[in-house]
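This report describes one protein model for a reader who is new to structural description. Please keep the sequence and the structure in view while reading.

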Amino acid sequence: MLAKKIEIALNEQIRIEAESSQVYLSMACWAETQGFEGVAQFMFAHSDEERMHMLKLVKFVNERGGHARISQLAAPPIDFGSFKEMFQTLFDHEVMVSKSINDLVHITLEERDYATHNFLQWYVAEQIEEEALARNILDKINLIGDDKGGLYLFDNDVKQLVGQVSDTPV
Ligand code: FEO
């Protein structure tokens, strides 16, 4: 049975994962309208991945005797400025999610909820991968800058990374 404090914290994480999915969906739309198919595919896959992260939490909360809450979400931006800015936003967003997961893990230790603590280890490992992937892409785009030819190649490169964000079982 989940303690109320843990249930509230898990529901907050459900909202964060849902909002992440919305942000990446909006990034996918922006990239697609700019004609960058590779980046758009990557972002659509990333958005699906975040929905999976959310669903995994939803199922866990309900299975442990809590009630997963589906809350209202903040609307993401429509325009992301440049690809460099967009991937910086993505990286910053993942750092924020990692912090939130870490805070959640801390609460489970305080409450001595070892089942939830164990469940959250999957998210801890996932965040290491997500941050590394985002940092990798950011490094590449920082090298390219605004060079059009470079961006074309970058778009193709990012397409190859789609498998890396869509291989997570729930
Ligand atoms: Fe579910 Fe990208 O954090």
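## Report on the model

Arg112 is exposed, because its relative accessible area is 65%; the term exposed means over 50%, buried means under 20%, and partly exposed lies in between, for a 1.4 Å probe and protein chains only. Arg112 is placed in the loop between α3 (83–110) and α4 (114–144). Its phi angle is near 55 degrees, which is a positive value in a residue other than glycine.

The model is predicted: local features need a pLDDT of at least 70, side-chain atom pairs count only at pLDDT 80 or more, and totals for chains, interfaces and linings use all residues. Residues are numbered from 1 along each chain as its sequence is written, and side-chain values use heavy atoms, with hydrogens and water left out.

**Confidence and overall form**

The pLDDT is the predictor's confidence in each residue, from 0 to 100. For the protein, the average pLDDT is 93, and 97% of the residues score at least 70. Among the elements, α1 has the highest mean pLDDT (98), while helix α6 (residues 162–165) has the lowest (76).

The protein contains 6 helices and 0 strands, in the order α-α-α-α-α-α along the sequence. Helices (H or I, at least four residues) and strands (E, at least two) are DSSP runs, numbered from the N terminus.

The radius of gyration is taken over C-alpha atoms, and the globule rule is 2.2 Å times the number of residues to the power 0.38. A compact globule of 170 residues would have a radius near 15 Å, and the protein has 17 Å, which agrees. Along the principal axes, the C-alpha atoms fill a box of roughly 55 × 25 × 25 Å. Of the 170 residues, 48% count as buried.

A contact means heavy atoms within 4.5 Å. Of the contacts in the protein with a separation of 6 or more, 82% are between residues 24 or more positions apart.

**Residues of helix α1 and the segment before it**

Met1 lies in the segment before α1 (4–33). Met1 counts as exposed because its relative accessibility is 74%. Leaving aside neighbours within four places in sequence, Met1 is in contact with Arg64 and Gly65.

Ala9 is found in helix α1 and counts as buried, because its relative accessibility is 15%. Not counting residues up to four places away in sequence, Ala9 touches Leu104 and Ile107.

Ser21 also has its place in helix α1. Is Ser21 buried or exposed? Ser21 counts as buried, since its relative accessibility is 10%. Beyond its neighbours within four places in sequence, Ser21 is in contact with Ser47, Glu50 and Arg51. Arg51 is partly exposed, because its relative accessible area is 44%.

**Separation in sequence and in space**

The table sets the distance along the chain beside the distance between C-alpha atoms.

| Pair | Apart in sequence | C-alpha to C-alpha |
|---|---|---|
| Met1 and Asp113 | 112 residues | 9.4 Å |
| Arg51 and Ser21 | 30 residues | 5.7 Å |
| Ala9 and Ser26 | 17 residues | 26 Å |
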